Amino acid sequence: MGPLSPTRTMRLWGPRSLGVALGVFMTIGFALQLWGGPFQRRLPGLQLRQSWASTPGPAVPSCLPRQRLVFLKTHKSGSSSVLSLLHRYGDRHGLRFALPARYQFGYPKLFQASRVKGYRPQGGGTQSPFHILCHHMRFNLKEVRSVEGVDRTGERWAHACSQDHQGRRPQAWRLPRHPLTQELGMGATKVLQVMPSDSFFFSIVRDPAALARSAFSYYKSTSSAFRKSPSLAAFLDNPRAFYQPGARGDHYARNLLWFDFGLPFPPEMRTKRGNPHPPRDPNPPQLPSGVGLRAHTLDPNALFHPVPTVADGHSQTSSSASLDLRSSSFIQWNLAWLDSVFDLVLVAEYFDESLVLLADALCWSLDDVVGFMHNAQAGGGQGGSAVGDGGLTAEDRQLSARARAWNNLDWALYVHFNRSLWARIKQYGQSRLDSAVAELRARREALAKHCLVGGEALDPKYITDRRFRPFQFGSGKVLGYVLQSGLSLQDQEECERLATPELQYKDKLDAKQFPPTVSVPLKTSRLPSP
Ligand SMILES: Nc1ncnc2c1ncn2[C@@H]1O[C@H](COP(=O)(O)OS(=O)(=O)O)[C@@H](OP(=O)(O)O)[C@H]1O
């Protein structure tokens, strides 16, 4: 018997019976609608892929989501929370990650393309390019990105260098040549590195005072300077009593952001052997000729009292020391170079605002950037809160000031990117941003309630499932998540993605990208011939 045709159906049922059946179906459908309310409400945050219904915007997106990304994962700055978003996004869209063999790209040495798993120089035949490069590295542009023909970095660098924050061009500056173009010769060479030349470059910075607290606790036993000092206060009281540039792990103890960005250090901060720390960088980044000679000598104590007034988000330093910073051509040129390379730099203290800008820049939905905080240390207490020393004791305020002074290059970097973030926010529109941030936070809260036991990060002693237990390192406990039981299969999958810590997620992506090959046992492949 074949399938029923519409005419045959009509003949079998007749118009009256069909009308009755239709009525019954409609009644059932209506009843289901009524009952369906509570069921739908059970999953308030997990209609993940559809909505942000209240976000105004055209139904058909006017831009294409960007999927070639370089995220410089700086240390102790909220970068694992960003990594979590990238892992999820890439995983969901089946993107190819440029992965390290283990968890970092030979850090603290400068990044080298050869460290990327599966990387084949010069395109390597049929290998398709990577989409996302995002694990810990010391940044090294010329090993990261393709240069094909004339590279636009040269122009962007010159443009960035030719203006200060107000768009004025400082008198004393001579336009430098970009190190990359200098090295390759403009437009001459085609070098295929790990990431395509149109990749979106971004990173994250954090107030050096918060970063120092976090790093001291985390790298207490890794950095010789930290190990020798009884407390962060004691260390900052007299850092030179503990700190030796070039000593083991001491890049964690001073200007860690500057170091991670792969920037050179002024001569007085270098080791006796003349190298920036650590001593074994094979290709130290070069500044345009002459810059090093004109490097301003920065007295860390000159920044003893930087006064950040950031209640409105604009970090301003009012001390004369900050003028020293601004006038330092060494710092300015490096910052201008970063401006020419990085499309966006997030600020940990304005994490959610940064995420909204990121989603906008990448043409991603807000759903794509909703995630949980990762890698927080118990008692850290600094994560997520805006800069500003209000609420701190006088002692804490002094410690913050000292930390910023000691990490003077990082402070300059932080002030610079804080300022550019707020310039972008102004462009984006403050009220538009506020409503997007509110929406993002509501979504995160709903997800946390739905996915997580207790709705928040927990002490690792409660995390028995190894897939979700964050790597424990340093003197504090690293918090993680426990999933609710009884989740639907689909919700379980999404909640797992949100809660999986960095290392486990990297392993998962690694296994997906490099599935273990099934080797045929020798015995069966060498069957004796008949
Ligand atoms: N969303 C958000 N906003 C602000 N701050 C945040 C955020 N997520 C993580 N954190 C804090 O960042 C610290 C961990 O940084 P990283 O993940 O970069 O560390 S690591 O270098 O990968 O080990 C760690 O700081 P401490 O808790 O002070 O150690 C986190 O609490």
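A disulfide is a pair of cysteine sulfur atoms within 2.5 Å. I kept that cut-off at hand while going through this predicted model.

**Entry 1: disulfides**

I looked up the disulfides and found 2. Counting bonded cysteines along the chain, I get the pattern 1-2, 3-4.

I took Cys 63 and Cys 363 to begin with. Their sulfur atoms lie 2.1 Å apart. The link is right-handed, with 90° about the S-S bond. The pair joins distant parts of the chain, 300 residues apart. Cys 63 sits in the loop between α1 (6–41) and β1 (69–72). Cys 363 sits in the loop between α12 (351–362) and α13 (394–406).

Cys 363 has 15% and is buried, because buried means under 20%.

Next I went to Cys 451 and Cys 495. They form a disulfide, S to S 2.1 Å. This link is left-handed, with -65° about the S-S bond. Cys 451 is in helix α15 (residues 430–451) and Cys 495 in helix α16 (residues 489–499), 44 residues apart. Cys 451 is buried at 0% relative accessibility. Cys 495 is also buried, at 0%.

I looked at Cys 134 as well. Its relative accessibility is 0%, so I wrote it down as buried.

**Entry 2: salt bridges**

I then turned to the salt bridges. The structure holds 20.

I picked Glu 502 and Lys 73. Their side chains meet in a salt bridge at 3.6 Å, N to O. Glu 502 belongs to helix α17 (residues 502–513), while Lys 73 is in the loop between β1 and α2 (79–92). The two are 429 residues apart. Both are buried.

Lys 512 came next. It forms a salt bridge with Asp 91, with 2.6 Å between the closest N and O atoms. Lys 512 lies in helix α17 and Asp 91 in helix α2, so the pair ties together parts 421 residues apart in sequence. Lys 512 is partly exposed at 47%. Asp 91 is buried at 7%.

**Entry 3**

Which residue forms a salt bridge with Arg 497? I found Glu 494, the closest N and O atoms being 3.6 Å apart. They are 3 residues apart in helix α16, so about one helical turn separates them. Arg 497 and Glu 494 are buried.

Last, I traced a network of salt bridges. It links Asp 91, Arg 92, Asp 368, Glu 493, Glu 494, Arg 497, Lys 508 and Lys 512.

Conventions
Residues numbered from 1 in each chain as written. Predicted model: local features only at pLDDT ≥ 70, side-chain atom pairs only at ≥ 80, totals over all residues. Heavy atoms only, no water. Helix = DSSP H or I, 4+ residues; strand = E, 2+ residues; numbered from the N terminus. Buried < 20%, exposed > 50% of the residue type's maximum accessible area, 1.4 Å probe, protein only. Salt bridge = Lys/Arg side-chain N within 4 Å of Asp/Glu carboxyl O.
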